[in-house]
Amino acid sequence: MARTVWDSTVGKKTVMAVSGLIMLLYLVVHMIGNLKIFFGPGEFNHYAHWLRTVGEPFMHYEWTLWVIRVVLLAAVVAHAVSAYQLSRRDIKARPRTYVHRKPRAGYATRTMRWGGVILGLFIVWHILDLTTGTVHSGGFETGKPYQNVVDTFSTWYGNAVYIVAMLALGLHIRHGFWSAAQTLGAGSRARDRALKTVANVLALLLTAGFIAVPVGVMTGVVS
Ligand code: HEM
């Protein structure tokens with residue numbers, strides 16, 4: 001049964017929609033959490049510590065965080081695998097013209113594909129930068145995310161990487177949210193305008209909220 005659903009195009013699109021919505025929920029929470037940086041190092045670092053102790057004493061130190069990490073990893077893998085397989089299907093199904101040239105994929109499809117690749121690379125960079133400190137520009141210190149974030153946005157390439165990724169994220173969510181709503185059956189002639197507005201507002205708020213952090217450091221509001 002699960003196999004039949006997964007093998008169908010609708011099944012893969014449903015996996016994309018659900019995994020995308022899980023990641024979207026995480027991003028809304030992450031963006032709001034990041035804005036705490038404007039309240040100073042004490043509050044921001046305390047928030048990062050709380051992320052590791054949440055659920056105690058039932059949960060052990062970092063257990064809740066690990067549950068979130070596993071769910072997110074599963075969502076990223078499911079999203080990427082189904083995107084890749086759907087795109088292979090799409091290419092195979094495309095009619096060949098008499099000159100044997102394949103027609104190019106549409107604007108939205110190309111934006112989603114390249115946006116997805118940029119975001120995948122960004123996530124790897126971001127974890128190596130602010131979670132493990134492997135590619136971090138300053139003296140990375142575990143448990144001191146405020147200073148780590150300030151160090152990241154004190155280099156031109158740190159700002160460039162994050163701002164480009166956040167713009168790609170905005171475009172990806174704008175189209176992705178809309179597609180997910182269609183796949184999950186929320187679309188209808190009456191609702192389509194409202195859904196488009198929700199997609200635009202969500203994309204704009206997330207992009208602006210995330211970009212506020214590098215802009216805050218660049219302007220000296222966060223230092
Ligand atoms: C300007 C934008 C962003 C800033 C300043 C930022 C900041 C941070 C910081 C400081 C951490 C480490 C938190 C800690 O260890 O307590 C973190 C972790 C993380 N962020 Fe972001 N983030 C941004 C955008 C994003 C985006 C767009 C995504 C996803 C596409 C993302 C996904 C993650 C993930 C998956 C983790 C790892 C959580 C973990 O396993 O510990 N972040 N971020």
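How far does a polar side-chain atom of asparagine 34 lie from a nitrogen atom of the ligand? The distance is 3.5 Å, and the points below start from there.

1. **How to read this note.** This is a predicted model, in which local features need pLDDT of at least 70 and side-chain atom pairs count only at pLDDT 80 or more, while totals for chains, interfaces and linings use all residues. Residues are numbered from 1 along each chain as its sequence is written, and side-chain values use heavy atoms, with hydrogens and water left out.

2. **The overall fold.** The chain has eight helices and zero strands, where helices (H or I, at least four residues) and strands (E, at least two) are DSSP runs numbered from the N terminus. Along the sequence the pattern reads α-α-α-α-α-α-α-α. Taken along the principal axes, the C-alpha atoms fill a box of roughly 65 × 45 × 40 Å. Of the 223 residues, 33% count as buried; buried means under 20% relative accessible area, exposed over 50%, and partly exposed in between, with a 1.4 Å probe and protein chains only.

3. An N or O atom in the side chain of histidine 30 is 2.9 Å from a nitrogen atom of the ligand. For arginine 52, a side-chain N or O atom is 2.8 Å from an oxygen atom of the ligand. A polar contact here is a pair of N or O atoms within 3.5 Å; within protein, one must be able to donate a hydrogen and the other to accept it, and residues adjacent in sequence count only if both atoms are side-chain atoms. The elements that give two or more residues to the shell around the ligand are α2 (9–34), α3 (41–53), α5 (107–130), α7 (156–183) and α8 (192–218).

4. **The shell as a whole.** The ligand is surrounded by 20 residues, the closest being His30, Asn34, Arg52, Arg69 and His126; a residue is near a molecule if one of its heavy atoms lies within 4 Å of it. By class, the shell holds 14 nonpolar, four polar and two charged residues. In this scheme Ala, Val, Leu, Ile, Met, Phe, Trp, Tyr, Cys and Pro count as nonpolar, Asp, Glu, Lys and Arg as charged, and the others, Gly among them, as polar.

5. **The iron site.** Which residues coordinate the iron atom of the ligand? They are His30 and His126, each through NE2, at 1.9 to 2.0 Å. Donors are N, O and S atoms within 2.8 Å of the metal (3.2 Å for Na, K and Ca), and water is not among the atoms, so sites may look incomplete. This pair links distant parts of the chain, with histidine 30 in helix α2 and histidine 126 in helix α5, 96 residues apart. The arrangement is octahedral because the six donor atoms around the iron subtend angles of 85 to 178 degrees; six donors count as octahedral if opposite donors are over 155 degrees apart and all others between 65 and 115. Histidine 30 is partly exposed, with a relative accessible area of 22%, and histidine 126 is partly exposed at 21%.

6. **Aromatic pairs.** There are five aromatic pairs. Rings of Phe, Tyr and Trp (its six-membered ring) pair if their centres lie within 6.5 Å; planes under 30 degrees apart count as stacked, over 60 as edge-to-face and the rest as tilted. One of them is edge-to-face, between phenylalanine 44 and tyrosine 146, at 6.5 Å centre to centre with 70 degrees between the planes. That pair links helix α3 and helix α6 (residues 145–152), and its members are 102 residues apart. Both phenylalanine 44 and tyrosine 146 are buried.

7. Ring pairs join Phe122, Phe153 and Tyr162 into a cluster. Glycine 216, in helix α8, is 63 residues from phenylalanine 153 in sequence and 9.1 Å away in space, C-alpha to C-alpha. Glycine 216 is buried, with a relative accessible area of 3%.

8. **Backbone details in one loop.** Most residues other than glycine have a negative phi, and most peptide bonds are trans. A cis peptide bond joins glutamate 56 and proline 57, with omega about 10 degrees, and proline 57 is found in the loop between α3 and α4 (63–93). Glutamate 62 lies in the loop between α3 and α4, and its phi is positive, near 75 degrees.

Terms used
Tetrahedral: all angles 85-135°; square planar, octahedral: opposite > 155°, others 65-115°.
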